[in-house]
Protein chains: 2
Amino acid sequence: MNNRFMSMKDLKFTYQTKMVDLEKENSTALSDPDHPSSDKATGMVLDAAFDFAKKELHPIFEEMDRNPPTLSDGKIKVHPGIRKILKILGNDGWISAIFPEKWGGENMPPSLLHCINFIFASANYSASVYSGLTIGAARLILSFGSKTLQNIYLPSMLAGKWQGTMALTEPEAGSSLGDLTTQAVPVSDNAYKIFGEKIFISAGDHDGVENVIHLMLARIKGAPAGIKGISLFIVPKFRPDAQGNLVDNDVTITQMFHKLGYRGAPIAGIRLGEKDNCMGYLVGQEHKGLFYMFQMMNGARLEVGMGATAIATAAYHAALDHCRTRKQGRKMTDKKDAPQIPIIQHTDVKRMLLFQRAVSEGALCLILQCGIWEDTLLQTPDRKDLHLLLELLTPIAKSYPSEAGIHSTSLSLQCFGGYGYCEDYPVEQHFRDMRIHAIHEGTTGIQGLDLLGRKVTMENGQAMILLKQKISKTIEDANQSPRLEGMACDLAAAVTLLEKTTMDLGVIAAEQGVPAYLADATLYLEMFGTIVIAWQWLSMALAASKKLEREAVKKKDTLFYEGKIQVATYFFSYELPKTKSLSITLGRKLKATLAMPESCFTN
Amino acid sequence: MNNRFMSMKDLKFTYQTKMVDLEKENSTALSDPDHPSSDKATGMVLDAAFDFAKKELHPIFEEMDRNPPTLSDGKIKVHPGIRKILKILGNDGWISAIFPEKWGGENMPPSLLHCINFIFASANYSASVYSGLTIGAARLILSFGSKTLQNIYLPSMLAGKWQGTMALTEPEAGSSLGDLTTQAVPVSDNAYKIFGEKIFISAGDHDGVENVIHLMLARIKGAPAGIKGISLFIVPKFRPDAQGNLVDNDVTITQMFHKLGYRGAPIAGIRLGEKDNCMGYLVGQEHKGLFYMFQMMNGARLEVGMGATAIATAAYHAALDHCRTRKQGRKMTDKKDAPQIPIIQHTDVKRMLLFQRAVSEGALCLILQCGIWEDTLLQTPDRKDLHLLLELLTPIAKSYPSEAGIHSTSLSLQCFGGYGYCEDYPVEQHFRDMRIHAIHEGTTGIQGLDLLGRKVTMENGQAMILLKQKISKTIEDANQSPRLEGMACDLAAAVTLLEKTTMDLGVIAAEQGVPAYLADATLYLEMFGTIVIAWQWLSMALAASKKLEREAVKKKDTLFYEGKIQVATYFFSYELPKTKSLSITLGRKLKATLAMPESCFTN
């Protein structure tokens with residue numbers, strides 16, 4: 001197995017690029033424009049995360065896949081490494097890091113947590129989700145739970161002793177959450193008896209922890225139908241009784257799903273209240289469950305995007321390593337008896353590697369961009385502009401790496417030829433691990449509807465205007481550099497095309513109604529996403545080109561910065577043009593998908 | 001598990017469409033233009049194949065994946081069903097069908113064999129390859145082997161008792177076959193001692209047969225370097241001695257590959273002549289091995305394309321079945337408390353299903369088109385036009401379903417949501433099974449180089465001219481129908497764009513040389529393939545629209561024909577426009593992939 005799963009140099013470059021942009025925007029006085037103030041401390045945290053990932057997560061990447069969790073006697077057993085990992089993550093403060101000092105945390109900015117997630121997930125995606133889920137659940141409790149609930153649940157969760165989960169999906173309520181039927185019957189104060197069934201719960205139960213805390217959506221008896229009658233509950237596997245002892249809470253594991261990939265993490269189904277003895281504790285107010293959940297949804301979606309990005313990154317590094325060492329064939333200009341060359345020298349192989357880099361590094365850049373806006377919003381919650389931008393770009397940050405990542409890991413596999421199809425190399429696992437991301441936390445179809453149906457139109461299209469301003473600023477800067485002028489010009493044209501396409505769709509909405517307007521939302525998401533990633537690449541090329549203009553760049557760094565500009569050029573030559581075809585299809589007034597009668601699928 | 005894995009109605013419609021076209025072209029007098037003469041007999045053969053596939057192949061589709069072959073004590077054990085299947089295929093004449101009567105065959109036309117392969121592979125791809133490999137190996141022996149070799153090997157192979165294989169790849173010679181090093185040392189007459197190592201041999205050894213016959217490429221001692229020094233040998237696992245007894249032939253199994261998918265078939269590595277006792281028998285003349293192999297290569301590549309097509313088809317039918325029964329969400333125009341609807345009613349789900357149908361049925365149509373040209377060539381070998389067309393379209397028939405099939409099975413999986421990611425449903429297996437096809441029998445990259453580097457330019461571009469004539473004929477016919485006029489017009493424009501792009505590349509070749517000309521060969525293959533499949537869809541829409549013009553069409557048939565036209569419309573709206581973007585990238589004079597220095601991949 002190759003040992004490289006990500007590039008710290010690239011991560012630091014990308015994070016720094018976004019930080020410098022931010023500080024410039026905020027006109028923060030910088031002593032050295034290349035080194036924002038927090039640079040050193042940040043670097044140390046990232047290095048420590050990398051160290052941990054390399055020592056504890058990556059070595060069991062394949063092992064966890066080959067020995068997936070087992071369910072027997074109603075108990076789920078996971079790889080023994082998980083207990084150790086959660087213990088370290090708890091003890092060393094990784095789980096509590098973003099929480100306030102009161103909870104043992106350090107108020108770590110969200111963007112830095114994204115970087116850490118990236119490192120962990122590229123080392124071992126399955127191993128990285130356990131603590132990520134606990135953090136998400138604990139955040140919900142901190143944001144909306146009572147002090148009592150916080151005191152009972154947070155300490156053990158942040159210590160890595162208790163697992164947190166999100167229990168949303170039911171057999172008949174997946175994408176359509178409003179149809180969920182799990183019921184909560186009031187008993188006293190905020191305590192309810194819970195009855196129902198949940199499925200697809202990541203880390204829904206396992207023996208790496210002492211307790212499992214489900215953050216669960218359910219309907220209080222008599223609540224209105226649909227999404228307005230949903231409340232949020234804490235439903236623990238073991239509940240603390242009056243004496244503080246943990247007693248069984250009547251949560252039964254009904255099944256464990258055997259999956260294509262992402263096999264190191266157990267996905268469980270549970271039944272609640274079989275013996276009429278399952279207690280749930282209301283978080284926040286009645287009927288506000290979905291609202292609370294949506295508060296966290298953006299974060300969860302960025303995390304999924306980062307998971308996809310990390311897997312694509314790890315697969316790319318495996319492929320790069322192989323293409324540098326595997327010899328096969330010759331250059332067209334070589335003599336026939338010349339020795340075989342490393343396949344990285346074949347143009348089509350370079351094309352495949354460039355695609356993988358373009359996708360993984362471009363997506364990383366976008367998610368860190370979003371993370372830095374999250375940072376700012378925490379400090380200045382009244383920055384409505386950033387709130388709108390985040391809302392607009394979250395469906396893209398979630399779906400672009402998830403979709404392009406399928407193709408990217410597929411090309412990583414292709415770089416290995418027949419070997420890539422075999423279990424001896426890690427890429428077939430990356431290919432399998434990747435495929436979940438277009439599904440969980442809202443399918444790509446749902447993201448498309450969210451973008452075109454909600455985000456583009458919200459506040460009279462204000463978010464679109466803000467995004468255009470941001471992109472225009474980058475274009476303006478890039479126009480100063482002769483090397484980037486062409487790309488700047490292409491990006492401006494693509495933005496104009498996007499605006500035109502959006503207006504075309506507006507006409508279709510007016511003439512034919514909403515179903516026709518939304519028919520191609522997934523294609524619109526793809527077009528929009530491609531342009532946003534092009535923008536990120538231009539910003540990286542800009543940063544790299546500024547570095548190159550300075551004199552004291554080391555040879556190795558020169559190659560790195562030069563490489564960044566080359567990958568940007570690749571993206572603008574091979575990916576951005578796809579927006580033209582998409583705009584043609586999106587602009588068609590007759591929607592072939594809408595027109596197809598279901599009955600005609602007969603055959 | 002759903003029980004539908006393909007549509008006999010669709011297969012018969014497609015095959016008939018191509019047959020009618022052929023008979024019209026040949027101006028054969030037809031009593032009924034809808035029912036070519038051989039229709040009835042053909043239908044019976046297809047029905048029998050379907051029956052066998054349903055009874056013997058499909059029931060063990062998942063079982064063979066979950067219980068893959070095992071290697072122990074140097075022996076490979078496969079699912080017990082394989083022995084039974086090969087026995088029936090041998091006894092009932094399926095393996096010998098395309099061979100002459102002398103060998104117990106029926107001279108079955110290649111196109112019909114493609115149909116049978118399609119049925120078998122959609123039922124259970126892994127189970128279908130065993131006999132397919134034997135047929136391929138036996139064809140080589142029949143075409144180029146001596147009568148003695150034919151008499152020794154063919155009877156048991158065609159009876160399904162002996163497995164045939166193609167043993168080409170070596171650890172250091174995959175895509176670069178000219179670098180193979182397996183050696184043959186002359187002993188007597190046509191007998192040689194063989195020394196070397198081969199890997200990635202499909203069905204390279206197993207206990208479902210009594211013997212394994214490797215058709216192997218090796219280099220006779222002292223032969224010239226490169227591809228010109230390669231000869232073809234029969235290397236059996238057990239060789240018949242002078243008394244006709246089978247004796248061990250010193251072929252050792254070194255490994256069995258554990259694969260992402262396609263798990264029901266063992267892929268083996270073998271070592272030859274470890275004990276200095278491995279005999280090989282020269283097939284045909286010395287040093288002509290690669291030439292012989294290439295004679296069979298087109299057939300093998302069409303078979304891979306058909307395998308991919310069949311898998312995409314089976315996945316589509318599983319998805320269609322699910323989308324019709326799974327209820328989730330509501331129409332945008334429904335009331336909020338309306339009952340949930342089958343997800344096939346959601347436009348984005350229809351889009352995913354349409355893509356799957358467009359790819360699988362379009363690819364099927366193209367391969368049957370190629371098959372019918374093969375039929376004609378067998379009868380009239382001087383039809384140089386068909387030979388050129390086959391050469392031109394084979395890389396497309398191989399790679400289009402292999403590449404589009406990855407996305408197609410991915411969308412089949414997506415139609416199932418979270419369930420699709422679980423082993424309870426067949427689609428995750430289809431997704432895994434599919435991924436081999438872009439690799440084996442020449443990677444997609446190799447197909448691109450073949451198309452642009454060899455096929456487009458051969459005989460001064462004669463094949464391109466012939467193809468254009470064929471497409472123009474379809475466009476002309478379609479122009480007679482008001483419903484198809486728009487598509488005819490779009491296809492004509494796409495062909496013009498392809499010609500322009502090809503000329504642009506010619507200029508690039510003249511100005512910058514061959515490496516720049518071939519840099520984007522894979523993209524050219526994609527563009528070319530999309531146009532060829534559009535052509536096939538127009539021909540199907542034309543046939544369907546002619547059926548609809550007749551009065552006595554049953555309601556169910558009306559929906560089927562109407563569906564065909566709708567899927568064609570979808571392809572022209574959503575897929576054909578992609579050629580525009582591809583032409584932009586292909587036309588760029590600066591090739592970003594060629595320009596990228598390997599050193600810049602540093603990070």
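How do α8(A) and α9(A) run relative to each other, roughly parallel or roughly antiparallel? That was my opening question for this predicted model.

**Entry 1: two helices in chain A**

I looked up helix α8 (residues 289–325) and helix α9 (residues 347–379) of chain A, and their axes come within 9 Å and cross at roughly 150°. Angles over 145 degrees count as roughly antiparallel, so α8(A) and α9(A) are roughly antiparallel to each other. I also noted that their crossing is left-handed. Next I listed who makes the contact: from α8(A) the residues include L302(A), G305(A), M306(A) and T309(A), and from α9(A) they include V349(A), L353(A), Q356(A) and R357(A). Sorted by class, this contact has 14 nonpolar, five polar and one charged residues.

**Entry 2: one residue of α8**

I stayed with helix α8 of chain A and picked A300(A), which lies in it. Is A300(A) buried or exposed? I found 21 C-beta neighbours inside 10 Å, so A300(A) counts as buried. Leaving out residues up to four places away in sequence, A300(A) touches G136(A) and E441(A).

My other pair in chain A was helix α14 (residues 485–512) and α18(A), with axes that come within 9 Å and cross at roughly 10°. That angle makes α14(A) roughly parallel to α18(A). I wrote down the contact residues: A494(A), L497(A), T501(A), D504(A) and L505(A) come from α14(A), while T579(A), S583(A), L586(A) and G587(A) come from α18(A). By class they divide into four nonpolar, four polar and one charged.

**Entry 3: where the chains meet**

I counted 80 residues of chain B in contact with 79 residues of chain A. On the chain B side, the elements that give two or more residues include α1 (8–25), α9 (347–379), α10 (384–415) and α16 (521–549). The largest share, ten residues, comes from α17(B). By class, this side of chain B has 32 nonpolar, 30 polar and 18 charged residues. I also noted that 99% of the interface residues of chain B are interface residues in chain A too, so the copies meet through the same surface.

S581(B) turned up again when I checked α18(B), whose buried residues are T579(B), S581(B), L582(B), S583(B), T585(B) and L586(B). These buried residues pack against α17 (555–575) and α18 (578–587) of chain A, together with α14 (485–512) and α16 of chain B.

Which value does phi take at F200(B)? I found it near 55°, a positive value in a residue other than glycine. F200(B) sits in strand β5 (residues 191–202) of chain B, and F200(B) is buried, with 23 other C-beta atoms within 10 Å.

E441(B) also has a positive phi, near 60°, and is a residue other than glycine. I located E441(B) in the loop between α11 (427–434) and α12 (444–455) of chain B. With 21 C-beta neighbours inside 10 Å, E441(B) counts as buried.

Definitions and conventions
Residues numbered from 1 in each chain as written. Chains lettered and ligands numbered in written order. Predicted model: local features only at pLDDT ≥ 70, side-chain atom pairs only at ≥ 80, totals over all residues. Axes fitted to C-alpha atoms, helices over the stretch in contact; angles between N-to-C directions. Helix = DSSP H or I, 4+ residues; strand = E, 2+ residues; numbered from the N terminus. Parallel < 35°, antiparallel > 145°, perpendicular 65-115°, else oblique. Left-handed = near helix turned anticlockwise from the far one by under 90°. Contact = placed C-beta atoms within 7 Å. Nonpolar A, V, L, I, M, F, W, Y, C, P; charged D, E, K, R; others polar. Buried ≥ 20, exposed ≤ 12 C-beta atoms within 10 Å, placed from the backbone.
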